Amino acid sequence: MVYFRTSFLIGFLFLSSLGWSKVWTTNTGSKSEGELFEVLGDRIGLLIKGREYHFSLSRFIQADQDYVRRWKMTPRCPSCSKALGTRTIEAGGVKYHTSCFRCMVCRSGFRGGDQFRRDAWNGMVHVKHFQSTGLCGTCSRIFVKRGAHPKQFFADGRMSCVSCLKDGVFETKILNEVEDRVWNTLTRIGVSKPRGKLTIRLVDRGLLNKEALKINARGNLRGLTLTKYKIVKGGSNPGTTFDHIIYVLYGLPYIECESVLAHEFAHVWLNEKFIESTPPVIEGFCNLVSSEVLEKEKSKLASILLDNLQNNTSLAYGVGYRKMKANLAQKNWPQLLAEMKSKSKPPKL
Ligand SMILES: [Zn+2]
Ligand SMILES: [Zn+2]
Ligand SMILES: [Zn+2]
Ligand SMILES: [Zn+2]
């Protein structure tokens, strides 16, 4: 009898944990099970096996799109995505469950007049408790320092949330896998691998910034490419040889590492062709190549990084990127690459 009750209880818990999940079917027929947690314009957020993904709604069959429409009609708490009941509280035009609307640090509910900060992941904290929290350098997620793992604090002063840390690239083996994945996308659009030698090194922020000074680059850098070339005239082996070294910060989650490598590989491609232009053209092009890799990734992090590119206010990285993107919209990759090649200025011998 006791056994029966126990197994009944387990069965019940199992079912209830699946309650929010459903099978999603794309227009091409592939299926996956996940829980809807947010709808942002034409993008939906699905929680699949504990990870947050973003997909465009149009890739799903009509029945799933109808499900999203109905889901959206129910007023929901942005913190837990569940339907709002009677115990709600409103802040800045958004309604929360009273029990969800609390500070991550002191755990007490916010009251009228309290100043708080909210991240893109629904983490909320009193402004006066902000110094007790860390901010993920990749996804800007707020986390409580007290409960954090020591590994979340990197020796070079950077911080990472648990979820970005879990996907962090710390070893060469993983770096090589990321590299292969990036080349797959790049070679497909026509950005070929270099002829010269290419070395990639995982480094800390201090070393990256020191190397960057060699080419007068500064700012919040994540990666850097240095290319050396040698021109041999005459003799038995004439021609130009290249030696590229790419520095990339260690511990970036693999999605961000992919986007950094894609950007740097684009520099390598430009450098081997002696393509010269203004910073908005060069950095805009490299970010466009990087966005191509991010577009292929469906995690919520990839769509946040794409939003960052879209909202970047820098003349070279932001304005340049959007100009290059508008340019690509008028043509295709082979045409854009040909246009870049026309800017080639090989050194005169
Ligand atoms: Zn809630
Ligand atoms: Zn607090
Ligand atoms: Zn993070
Ligand atoms: Zn660059």
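## Nonpolar cores

The largest nonpolar core of this predicted model holds 53 residues. Phe265, Ala266 and Phe285 have the most contacts inside this core. Helix H6 gives the most to it, with 11 residues. Domain 2 (98-166) and domain 3 (172-341) both supply residues, so the core lies between them.

Phe285 shows some of these contacts in detail. Leaving aside residues up to four places away in sequence, Phe285 touches Ala266, Met324 and Met340. There is also a second, separate core. This one has seven residues, among them Trp24, Leu36, Leu46 and Tyr53.

## A three-stranded sheet

Three strands build an open sheet. Their order is S11-S13-S12, and the pairing is mixed. Strand S11 (197-203) and strand S12 (223-232) are the edge strands; each pairs on one side only. On average, neighbouring strands of the sheet are turned by 15° against each other, direction ignored.

S11 pairs with strand S13 (residues 239-249) in the parallel sense. Seven bridges make up this pairing. Val203 stands opposite Leu249 in S13.

## Helices across the sheet

Helix H5 (residues 205-213) lies across S11, S12 and S13. H5 runs at about 145° to S13.

Helix H6 (residues 254-272) also lies across S11, S12 and S13. H6 runs at about 20° to S12. This is the helix that gives the most residues to the 53-residue core.

## Domains and their contact

The protein is divided into three parts: domain 1 (23-73), domain 2 (98-166) and domain 3 (172-341). The C-alpha centres of domain 1 and domain 3 lie 32 Å apart. These two domains are in contact, through seven residues from domain 1 and four residues from domain 3.

Which elements of domain 1 give two or more residues to the side that touches domain 3? They are strand S3 (43-48) and strand S4 (51-56). S4 provides the largest share of that side, with five residues. By class, the side of domain 1 that touches domain 3 has two nonpolar, two polar and three charged residues.

Methods: Residues numbered from 1 in each chain as written. Chains lettered and ligands numbered in written order. Predicted model: local features only at pLDDT ≥ 70, side-chain atom pairs only at ≥ 80, totals over all residues. Pairing = 2+ DSSP bridges. Helix = DSSP H or I, 4+ residues; strand = E, 2+ residues; numbered from the N terminus. Axes fitted to C-alpha atoms, helices over the stretch in contact; angles between N-to-C directions. Core = buried A, V, L, I, M, F, W, Y, C linked by C-beta atoms within 7 Å. Buried ≥ 20, exposed ≤ 12 C-beta atoms within 10 Å, placed from the backbone. Domains from an automatic or database assignment. Nonpolar A, V, L, I, M, F, W, Y, C, P; charged D, E, K, R; others polar.
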